[in-house]
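I opened my notebook to record, entry by entry, what I looked up in this structure.

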Amino acid sequence: MENRYFEDKLNEIKKLGNLRALQCLYNNGSRIIVENNEYINLASNDYLGIATDRELCSEFLESLKQEDFHFSASSSRLQTGNYEAHIALENRLSELFHTEAALVFNSGYHANTGILPAVTTNRSLILADKLVHASIIDGIRLSAAKCIRFKHNDYQQLERLIQQAENKYDRIIIVTESIFSMDGDEADLQTLVKFKQQYPGIMLYVDEAHAIGVRGMHGLGCCEEQNVIEHIDFLIGTFGKALGSCGAYLVCNKIVREYLVNTMRTFIFTTALPPINLKWTLFTLNKAVMMNDRRSHLKRISDLLREELPPQKINIQSNSHIVPYVTGSSSAAYDVAKEIQKQGFYVLPVRPPTVPEGTARIRISLTANCSVEDILKLINCIKTLSIQ
């Protein structure tokens, strides 16, 4: 009887064309091998190609000493799991971002589900962009704050909401991503900073998961690129995408850091990241800061793809390395993905609940591993698709 419920739910998901399955994958340099077929990988978040760079991996391993090989922290950081590697990484982050402090987390999900519940009360208001990541939505749900989600990048509506809420809450936290993970477009961070300067009691929460490593003079994200780092109260990013590692970070002031160490449940009640992973993260972070050539190449091929594909094929709001081809139905997304895979490109259908109903898509995720020739071939492939 217990399994019947789950079977019925799975059948419902299957009928909607949204059933997923795990696949075993292998990386072969800049290519990916799936079921003995080799593809150009357009479904990865390895934006700078660090995770698949064997030379970097060899360089890192050669730099290690015997005492560096700690594969588990074995405890939370507040007990016996706080290693020198944690402190070194956090110090380097605060140095790069010119902030007072930084705090490292086990994942972006830990960060987003833990920070907002810790820093809000029932006297707080969260104003969140409609398209923020699921981890942020879960963090909002776990908080005691009232939340209103404004239309995506609609800053006129956002300002009206701020004006209506003035003096009714102890703090208002505006929550956004900098580059949105499914649409590839950007938040106007300078406008958000103006709101903070104009209206008292506002704090800004920006998730740079898809911008860290990719944007800015030193690859520190859109906040660096738009010169607003000092105005962001909670600046979050991940190590698991462009930086080719695992975990996440917050750069902030010292008071916020100390407060979170003492109150944030997803920080307190979890075993810390292994020191060996933190050393790798510090290594890749320092490498990424200097990878302007890779950032320039990624921008060049991203611009090429968006400029050459007809507007009816892609979301024209995208201005990043994430280029969505919206098909509408889940079945169409599945069929288009299979057609593109036949031409040697590994893409996947993104379907509800990851995206809203009726907006299923192919999420083309470009990395510095892609060549100009790869992109030209992809453009021709999409233009000549037999499935529209």
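**Entry 1: helix 6 and helix 7**

I began with helix 6 (residues 155–165) and helix 7 (residues 189–198), which pack at an angle of about 15° with their axes 11 Å apart. I note here that the model is a predicted one. Angles under 35 degrees count as roughly parallel, and helix 6 and helix 7 are therefore roughly parallel to each other. I then looked up the hand of their crossing, and the crossing of helix 6 and helix 7 is right-handed. On the side of helix 6, I listed Tyr-155, Leu-158, Glu-159 and Ile-162, and these meet Thr-191, Leu-192, Phe-195 and Gln-198 in helix 7. Sorted by class, this contact of helix 6 with helix 7 has 5 nonpolar, 2 polar and 1 charged residues.

**Entry 2: helix 4 and helix 5**

Next I turned to helix 4 (residues 108–119) and helix 5 (residues 134–142), whose axes come within 7 Å and cross at roughly 30°. Helix 4 and helix 5 are therefore also to be written down as roughly parallel to each other, and helix 4 passes helix 5 in a right-handed crossing. From helix 4, I found Gly-108, Tyr-109, Asn-112, Thr-113, Leu-116 and Pro-117 in the contact, and from helix 5, Ser-135, Ile-136, Asp-138, Gly-139, Ile-140 and Leu-142. The residues of the contact of helix 4 with helix 5 came out as 6 nonpolar, 5 polar and 1 charged.

**Entry 3: helix 3 and helix 11**

Which hand does the crossing of helix 3 and helix 11 have? I first noted that helix 3 (residues 84–97) and helix 11 (residues 275–289) pack at an angle of about 20°, with their axes 8 Å apart, and that helix 3 and helix 11 are therefore roughly parallel to each other. Their crossing, I then wrote, is left-handed. The residues of helix 3 that take part are Glu-84, Ala-85, His-86, Ala-88, Leu-89, Arg-92, Leu-93 and Leu-96, and they meet Pro-275, Leu-278, Lys-279, Thr-281, Leu-282, Leu-285, Asn-286 and Val-289 in helix 11. By class, I recorded 10 nonpolar, 3 polar and 3 charged residues in the contact of helix 3 with helix 11.

**Entry 4: the cavity**

How many cavities of 30 Å³ or more does the structure hold? I found 1 cavity of that kind, and about 80 Å³ of space lies in the largest cavity. The residues that line the largest cavity include Arg-77, His-86, Asn-106, His-110 and Thr-266. Strand 4 (101–105) and helix 10 (265–268) are the elements that give two or more residues to the lining of the largest cavity. By class, I wrote down 5 nonpolar, 6 polar and 1 charged for this lining.

I then looked up the second largest pocket, in which about 380 Å³ of space lies. Of the 23 residues that line this pocket, Phe-97, His-98, Thr-99, Ile-229 and Glu-230 are the closest to its centre. The lining of the second largest pocket divides into 12 nonpolar, 6 polar and 5 charged residues.

**Entry 5: two details of the backbone**

Last, I checked two places in loops. The peptide bond from Pro-352 to Pro-353 is cis, with omega near 10°, and I located Pro-353 in the loop between strand 13 (349–350) and strand 14 (360–365). Glu-35, a residue other than glycine, has a positive phi, near 50°, and I located Glu-35 in the loop between strand 2 (31–34) and strand 3 (37–41).

Note on methods. Residues numbered from 1 in each chain as written. Predicted model: local features only at pLDDT ≥ 70, side-chain atom pairs only at ≥ 80, totals over all residues. Heavy atoms only, no water. Axes fitted to C-alpha atoms, helices over the stretch in contact; angles between N-to-C directions. Helix = DSSP H or I, 4+ residues; strand = E, 2+ residues; numbered from the N terminus. Parallel < 35°, antiparallel > 145°, perpendicular 65-115°, else oblique. Left-handed = near helix turned anticlockwise from the far one by under 90°. Contact = heavy atoms within 4.5 Å. Nonpolar A, V, L, I, M, F, W, Y, C, P; charged D, E, K, R; others polar. 1 Å grid on protein atoms, 1.4 Å probe; cavity = no way out; pocket = protein on both sides within 12 Å on 5 of 7 lines; lining within 4 Å. Points joined across faces, edges and corners; volume = space filled by probe spheres on them.
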